[in-house]
Amino acid sequence: MRAQDEAEIVACIPSLRRYARGLVSDPDRADDLVQDTLERAWSRFSMWQKRNEVRAWMFGIMHNHFIDRLRAQRSRPEDSAGDDLPELPQRAQQTDALEVRDLDRLLQRLPPEQREVLLLVSVEELSYQEVAQITGVPLGTVMSRLSRARARLRDEMASQGQSKEQDKVSHAAQRIQRVK
């Protein structure tokens with residue numbers, strides 16, 4: 001492997017880590033996913049077809065490995081990540097960290113195929129064509145999944161805002177009753 005090829009792989013690490021954290025939301029599991037991706041890329045570099053970008057190829061490896069892990073988890077339902085998530089996201093307290101955590105929880109509620117397309121297009125700024133190539137689905141499917149993911153995320157955020165308003169109203173009603 002040439003030094004230039006090694007440098008291209010190493011340059012992908014920050015993007016791979018960001019994407020992995022978006023997919024699994026657990027920093028340790030995300031780092032494991034990145035490590036497995038890098039290991040596979042290094043050991044199978046001779047299989048890379050130089051007609052596309054190394055970055056897209058690496059995301060493809062990560063996508064396939066993530067899907068393999070999901071399938072393995074489905075055979076063990078007691079270990080699924082969805083069990084640990086609360087029913088509703090916690091109310092933000094005017095700090096960025098809490099808002100990011102809430103957004104992450106909403107992202108985790110999306111089906112994996114919608115979440116990965118949303119992250120690849122919105123966060124990693126890959127083209128629809130590159131995402132189609134990475135995920136192995138037609139371009140129209142990528143666009144459809146992205147549209148459904150954005151709509152669902154918008155609906156979840158709206159319902160979260162309504163529950164906050166309901167909390168304020170009930171809190172105000174309790175204060176009024178106490179005064180009487």
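The model is predicted. The chain has eight helices and zero strands. Buried residues make up 36% of its 180 residues. The largest nonpolar core has 41 residues, and the structure holds six salt bridges.

**Overall fold**

- Read along the sequence, the pattern is α-α-α-α-α-α-α-α.
- Among contacts with a separation of 6 or more, 62% are between residues 24 or more positions apart.
- The protein chain exposes about 11200 Å². Carbon and sulfur atoms supply 49% of that area.

**Helix α2**

- Helix α2 runs over residues 13-24, twelve residues in total.
- From first C-alpha to last, α2 reaches 16 Å, close to the 16 Å expected at 1.5 Å a residue.
- The buried residues of α2 are S15, L16, Y19, A20, G22, L23 and V24.
- An α-helix has 3.6 residues a turn, so residues three or four places apart point the same way.
- Within the buried set of α2, S15 and Y19 are both listed, as are L16 and A20.

**Nonpolar core**

- In soluble globular proteins, nonpolar side chains tend to be buried together.
- Here the largest nonpolar core has 41 residues, and L16 and M58 have the most contacts inside it.
- Elements that give two or more residues to this core are α2, α3 (27-43), α4, α5 (96-109), α6 (112-123), α7 (128-135) and α8 (139-179).
- Helix α4 provides the largest share of the core, ten residues.
- Neighbours within four places in sequence aside, L16 is in contact with V34, T37, L38, M58, F59 and M62.

**Aromatic pair**

- The count comes to one aromatic pair.
- That pair is Y19 with F59, and its geometry is edge-to-face. The ring centres are 5.4 Å apart, with 65° between the planes.
- Y19 sits in helix α2 and F59 in helix α4 (residues 54-74), so far as sequence goes 40 residues apart.
- Both Y19 and F59 are buried.

- E124 is found in the loop between α6 and α7.
- E124 counts as buried because its relative accessibility is 3%, and buried means under 20%.
- Leaving out residues up to four places away in sequence, E124 touches S15, R18, Y19, R55, F59 and L119. Both members of the aromatic pair, Y19 and F59, are therefore among the residues that E124 touches.
- R55 forms a salt bridge with E124, and the closest N and O atoms are 3.2 Å apart.
- R55 lies in helix α4 and E124 in the α6-α7 loop, so this pair ties together parts that are 69 residues apart in sequence.

**Other salt bridges**

- R69 forms a salt bridge with D36, the closest N and O atoms being 2.7 Å apart.
- The R69-D36 pair links distant parts of the chain: R69 is in helix α4, D36 in helix α3, and they are 33 residues apart.
- R69 is partly exposed, with a relative accessible area of 27%. D36 is also partly exposed, at 23%.
- The side chains of R109 and E156 meet in a salt bridge at 3.3 Å, N to O.
- This pair links distant parts of the chain, with R109 in helix α5 and E156 in helix α8, 47 residues apart.
- R109 has a relative accessible area of 22% and is partly exposed.
- R17, R21 and D31 are linked in a network of salt bridges.

**Helix α7**

- In α7, the residues E130, V131, A132, I134 and T135 are buried.
- G136 follows α7, and its phi is positive, near 75°.

Note on methods:
Residues are numbered from 1 along each chain as its sequence is written. This is a predicted model: local features need pLDDT of at least 70, side-chain atom pairs count only at pLDDT 80 or more; totals for chains, interfaces and linings use all residues. Side-chain values use heavy atoms; hydrogens and water are left out. Helices (H or I, at least four residues) and strands (E, at least two) are DSSP runs, numbered from the N terminus. The expected span of a helix is 1.5 Å times one less than its number of residues. Buried means under 20% relative accessible area, exposed over 50%, partly exposed in between (1.4 Å probe, protein chains only). Rings of Phe, Tyr and Trp (its six-membered ring) pair if their centres lie within 6.5 Å; planes under 30 degrees apart count as stacked, over 60 as edge-to-face and the rest as tilted. A nonpolar core is a set of buried Ala, Val, Leu, Ile, Met, Phe, Trp, Tyr and Cys residues joined through side-chain atoms within 4.5 Å. Contact means heavy atoms within 4.5 Å. Accessible areas come from the Shrake-Rupley method with a 1.4 Å probe; for residues, only the protein chains shown count as cover. A salt bridge is a side-chain nitrogen of Lys or Arg within 4 Å of a carboxyl oxygen of Asp or Glu.
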